[in-house]
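Let's take a walk through this one together. Have the viewer open and follow along as we go.

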Amino acid sequence: MRHLFKKGRNEKAPVLLLLHGTGGTEEDLLPLASMISPESSILTVRGNVTENGMPRFFRRLAEGVFDEEDLKFRTKELHDFLDHAADEYEFDRQNIVAVGYSNGANIAGSLLFHYKGELRGAILHHPMVPLRGITLPNLENAAIFIGAGKNDPICPPQETEELESLLQGAGANVETYWGDYGHQLTQPEAEAARDWFQKYYSKS
Ligand code: MLT
């Protein structure tokens with residue numbers, strides 16, 4: 001997959017896996033990553049599908065209606081890519097924290113839904129429920145931050161609450177930040193993600 005890897009100063013800090021929103025690129029979330037954990041290594045990936053020229057991590061049939069077969073295929077593709085990237089760049093595969101926005105948060109959610117031990121944690125900005133009707137793996141070791149908007153038309157509050165309870169039901173430690181705005185990632189939400197990250201991982 002098209003990607004960038006930037007080695008950080010602190011090899012013990014979680015490696016941040018950056019996953020952009022629809023129409024984004026692997027460059028988009030770099031400023032957010034340096035705010036969240038300036039010493040971390042960064043692996044940032046571009047989605048492998050395009051919709052009218054816009055990169056995405058999986059196909060959708062309409063806004064908010066996912067092509068589930070493609071979602072499963074692309075989730076495995078990203079999972080396999082992470083295995084290879086950990087070998088190639090010599091980082092600890094067990095020490096990845098995903099940072100995703102919108103479509104990128106949805107594929108990060110799908111990684112959590114499909115694979116045990118896939119991510120040490122995740123910062124999900126405006127995620128949806130990626131898939132329904134599957135049994136989640138045990139997520140007791142995963143810490144998850146959800147950034148949500150009370151007026152998000154793409155991800156309404158009840159869907160955020162559904163995702164929160166599915167992840168908690170699998171044992172994950174979930175914290176949700178509620179902003180007053182819509183689908184956009186605001187500065188206060190980014191600061192809340194940074195504070196959450198520092199609370200969990202500052203000792204590593
Ligand atoms: C998705 O397709 O993943 C969601 O609708 C959010 C987005 O527009 O990227």
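Start at Asn103: an N or O atom in its side chain sits 3.0 Å from an oxygen atom of the ligand. Keep in mind that this is a predicted model. For Arg56, the distance from a side-chain N or O atom to an oxygen of the ligand is 2.8 Å, and for Arg60 it comes out at 3.0 Å. How much of the ligand's accessible area does the protein cover? On its own the ligand has 260 Å² of accessible area, and the protein covers 96% of that.

Besides Arg56, Arg60 and Asn103, the residues surrounding the ligand include Thr22, Ser102 and Asn106, along with Phe58, Phe66, Met128 and Ile154.

Which order do its strands take? Reading across, you go β1-β3-β2-β8-β9-β10-β11, which makes an open sheet of seven strands with mixed pairing. At the edges are β1 (3–6) and β11 (173–179), each of them pairing on one side only. From one strand to the next, the twist averages 15°.

Strand β2, residues 15–19, runs parallel to strand β8, residues 96–101, and five bridges link the two. If you want a landmark there, pick Leu18, whose bridge partner in β8 is Val99.

Finally, the annotation. An unreviewed UniProt entry marks residues 8–198 as "domain: Phospholipase/carboxylesterase/thioesterase". In the model, that span is 35% helix and 24% strand, and its end C-alpha atoms lie 16 Å apart.

Methods:
Residues numbered from 1 in each chain as written. Predicted model: local features only at pLDDT ≥ 70, side-chain atom pairs only at ≥ 80, totals over all residues. Heavy atoms only, no water. Near = heavy atom within 4 Å. Polar contact = N/O pair within 3.5 Å; in protein donor to acceptor, adjacent residues only side chain to side chain. Areas by Shrake-Rupley, 256 points an atom, 1.4 Å probe, with all protein chains shown as cover. UniProt positions renumbered as here; feature names shortened; annotations may be inferred. Helix = DSSP H or I, 4+ residues; strand = E, 2+ residues; numbered from the N terminus. Pairing = 2+ DSSP bridges. Axes fitted to C-alpha atoms, helices over the stretch in contact; angles between N-to-C directions.
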